[in-house]
Amino acid sequence: MTNDDLILQTITPVTHDLGGFKVHRTLPSRPRTMVGPFIFFDQMGPSRLGMGEGIDVRPHPHINLSTVTYLFGGALGHRDSLGSDVVIEPGAVNLMTAGHGIVHSERTPDAARADGPELSGIQTWLAMPEKDEEMAPAFEHVARADLPTVEVSNARARVVMGSLWGATAPTTTYASTIYADIVLDAGGSIPIDADADERALYIALGEATLDGMTLEPMTLYVLKPGTAATLRSTTGARAMLCGGEAFTTPRHVWWNFVSSRRDRIDEAKRAWTAGEFPKVPGDDKEWIPIPAIPKTVSYP
């Protein structure tokens with residue numbers, strides 16, 4: 001099988017240096033903006049911050065999307081306007097559903113700052129089906145022990161969302177979604193099935209091949225529909241598999257807002273500027289101001 005038989009698109013990241021750690025963003029991008037419901041895909045790190053330092057993402061708003069946080073290393077404290085106050089650690093998942101509007105912050109826990117905290121993981125956003133965009137906001141934390149793990153051929157895969165390899169995660173989904181963390185030991189392999197409408201593979205760490213094709217790190221490979229293949233690594237790798245049902249209606253994106261309606265984003269801009277979003281209990285003294293972004297972008 002040739003590369004053209006396997007890969008629909010290859011998306012290289014835009015890298016942002018945030019001072020102490022880097023973020024590598026592959027979605028949204030000019031070549032492609034969504035894979036299934038995934039409309040945002042960031043790799044954070046891997047980084048080691050200085051002693052006493054930490055990540056402090058001040059309170060900021062979202063509408064009409066779900067955020068999914070998954071860590072390989074380190075810890076992040078999540079607080080939101082529902083009153084959620086949870087520290088996420090590697091192997092667990094935080095799913096925050098913005099619905100008609102939510103505000104949250106993410107900060108390195110105080111206990112992790114003294115020795116110089118690690119930061120490594122993936123943060124994604126999922127667009128919501130139109131019928132669910134304005135639902136009540138929600139938050140759920142699914143512990144590592146509650147996410148199923150599949151082991152085959154020197155490889156382990158944790159199912160984060162949806163059903164894969166005969167296992168189903170308890171994490172809530174709104175559109176049909178697949179999401180998994182794959183760890184390949186030296187000489188390990190795992191089948192990549194063809195079930196979902198749209199799928200992509202991302203090599204976060206190490207080296208891997210897909211049916212003999214070399215996959216570059218920090219690159220998102222959108223797989224051709226209906227194509228099954230085998231992911232392998234000679235020396236070891238960590239990969240994410242994501243995707244799900246194809247969306248047939250466009251999504252508009254501006255800053256932290258995603259919606260099927262452009263006027264809804266305009267309303268969210270106005271409401272954040274006017275201070276009408278709810279506050280985050282215990283973290284309400286500062287916030288991220290509205291940015292000077294020129295226009296809303298529409299993604300088919």
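# Exercises on a predicted model

Helices (H or I, at least four residues) and strands (E, at least two) are DSSP runs, numbered from the N terminus. UniProt, in an unreviewed entry, gives residues 179-277 the feature "domain: Pirin C-terminal". UniProt positions follow the numbering used here, feature names are shortened, and annotations may be inferred rather than shown by experiment.

This is a predicted model, in which local features need pLDDT of at least 70 and side-chain atom pairs count only at pLDDT 80 or more, while totals for chains, interfaces and linings use all residues. Residues are numbered from 1 along each chain as its sequence is written, and side-chain values use heavy atoms, with hydrogens and water left out.

## Exercise 1: the annotated site

Find which residues carry the UniProt feature "binding site", and give their largest C-alpha distance.

Step 1. The unreviewed UniProt entry lists His60, His62, His104 and Glu106.

Step 2. These residues are spread over 47 residues of sequence, yet they cluster in space, with a largest C-alpha distance of 13.5 Å.

Step 3. Glu106 is among the lining residues of the second largest pocket.

## Exercise 2: His62 and His104

Then decide whether His62 is buried or exposed, and trace the polar contacts of His104.

Step 1. Buried means under 20% relative accessible area, exposed over 50%, and partly exposed in between (1.4 Å probe, protein chains only). His62 is buried because its relative accessible area is 2%. His104 has 3%, so this residue counts as buried.

Step 2. A polar contact is a pair of N or O atoms within 3.5 Å; within protein, one must be able to donate a hydrogen and the other to accept it, and residues adjacent in sequence count only if both atoms are side-chain atoms. The His104 side chain pairs in this way with the side chain of His60 at 3.0 Å. With the His62 side chain, the distance is 3.2 Å.

Step 3. Now widen the view to contacts, meaning heavy atoms within 4.5 Å. Beyond four places in sequence, the contacts of His62 include Met96, Trp125, Asn256 and Phe277. Those of His104 include Arg58, His78, Met96 and Val280.

Step 4. Follow Asn256 back. Asn256 sits in the loop between strand S25 (251-254) and strand S26 (257-259). Its relative accessible area is 10%, so Asn256 is buried. Its contacts beyond four places in sequence include His60, His62 and Trp125.

## Exercise 3: the second largest pocket

State how much space lies in the second largest pocket, and which residues lie nearest its centre.

Step 1. On a 1 Å grid over the protein atoms alone, a cavity is a set of points where a 1.4 Å probe fits but cannot get out, and a pocket is an open set with protein on both sides within 12 Å along at least five of seven lines; lining residues have an atom within 4 Å of a point.

Step 2. The volume is about 190 Å³. Grid points are joined across faces, edges and corners, and a volume is the space filled by probe spheres set on the points.

Step 3. The lining has 14 residues, with Gly77, His78, Arg79, Asp85 and Arg107 nearest the centre. Strand S7 (76-80), strand S8 (85-88) and S10 each give two or more residues.

## Exercise 4: Arg107

Identify which side chains form polar contacts with that of Arg107, and how far apart Arg107 and Gly77 are in space.

Step 1. Arg107 is in strand S10. With a relative accessible area of 18%, Arg107 is buried.

Step 2. Its side chain makes a polar contact of 3.1 Å with that of Asp56. Another, of 2.8 Å, joins Arg107 to the side chain of Asp283.

Step 3. Gly77 is 30 residues from Arg107 in sequence, but their C-alpha atoms are 5.1 Å apart.

Step 4. Compare Glu106, also assigned to strand S10 (residues 102-107). Glu106 is buried because its relative accessible area is 9%. Beyond four places in sequence, Glu106 touches Asp56 and Gly77, among others. Asp56 and Gly77 are likewise among the contacts of Arg107.
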